[in-house]
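Please open the model in a viewer and keep the selection panel at hand. The stops below proceed from the whole chain to single residues.

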Amino acid sequence: MTKEVTSWTALREFRHIDLTQSFVLSWEVASGSLQIDVDLYLCPVHPFYEEPRPAEIACFRPAHIEFPNCSRILATAQDRDVTPRDAIRELGGGLINDLRRTGEGEYEISGEFGRVAIFAERPLVRLNDQRI
């Protein structure tokens, strides 16, 4: 049986957001959830979009992407099974290239920080204490 891969562009949580212009700032595991702190690029039709200031090139907003009930995280450099907290210890930040659902409860995010497989529930995007 083949797994159906779904691009982030087809996930409602990322509607009117361009992840390929967004940046990962940090990673944290707490209470069984993976939280990725990001600067999100909001498209002009996003409800929280604001006109960029003269020194800015686009509307970036601090946010986090949360993967609830995260049971496992595998980063490309890891060749053994470790706890989610240990898996993110070495991960840095950087520009996001892609995020996709690779199966039921399976996600993969890639970017300047490498490729990370995440086994968790559907992601939640939170922007300034608001759920998108």
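How many positive and negative side chains does the protein chain have, and how far apart do the centres of the two sets lie? There are 15 positive and 21 negative side chains, with the two centres 4 Å apart. Here Lys and Arg count as positive and Asp and Glu as negative, while His and the chain ends are not counted; each charge is placed at NZ of Lys, CZ of Arg, CG of Asp or CD of Glu.

The model is predicted: local features need pLDDT of at least 70 and side-chain atom pairs count only at pLDDT 80 or more, whereas totals for chains, interfaces and linings use all residues. Residues are numbered from 1 along each chain as its sequence is written, and side-chain values use heavy atoms, with hydrogens and water left out.

**Whole chain**

Display the protein chain as a cartoon. It has 1 helix and 10 strands, defined as DSSP runs (helices H or I, at least four residues; strands E, at least two) numbered from the N terminus. From that terminus the order is β-β-β-β-β-α-β-β-β-β-β. The C-alpha trace spans about 50 × 30 × 25 Å along its principal axes.

**Nonpolar core**

Next, select Leu19, Trp27, Leu34, Ile36, Phe67, Ile109 and Ile118; of the 33 residues in the largest nonpolar core, these touch the most other members. Such a core is a set of buried Ala, Val, Leu, Ile, Met, Phe, Trp, Tyr and Cys residues joined through side-chain atoms within 4.5 Å. Buried means under 20% relative accessible area, exposed over 50%, and partly exposed in between (1.4 Å probe, protein chains only). Of the 132 residues of the protein chain, 42% count as buried.

Centre the view on Ile36. Leaving aside residues up to four places away in sequence, Ile36 touches Val24, Ser26, Trp27, Ala63, His64, Ile65, Phe67 and Ile109, a contact being heavy atoms within 4.5 Å.

**Loops**

Move to Ser31, in the loop between β2 (17–30) and β3 (33–42). Its phi is near 50°, a positive value in a residue other than glycine. Ser31 counts as exposed because its relative accessibility is 81%.

Then select Asn69, in the loop between β4 (60–67) and β5 (72–75). Phi of Asn69 is likewise positive, near 50°, in a residue other than glycine.

Finish at Ala10, in the loop between β1 (6–7) and β2. Ala10 has a relative accessible area of 56% and is therefore exposed. Draw a C-alpha to C-alpha distance from Ala10 to Arg100: the two are 90 residues apart in sequence and 9.0 Å apart in space.
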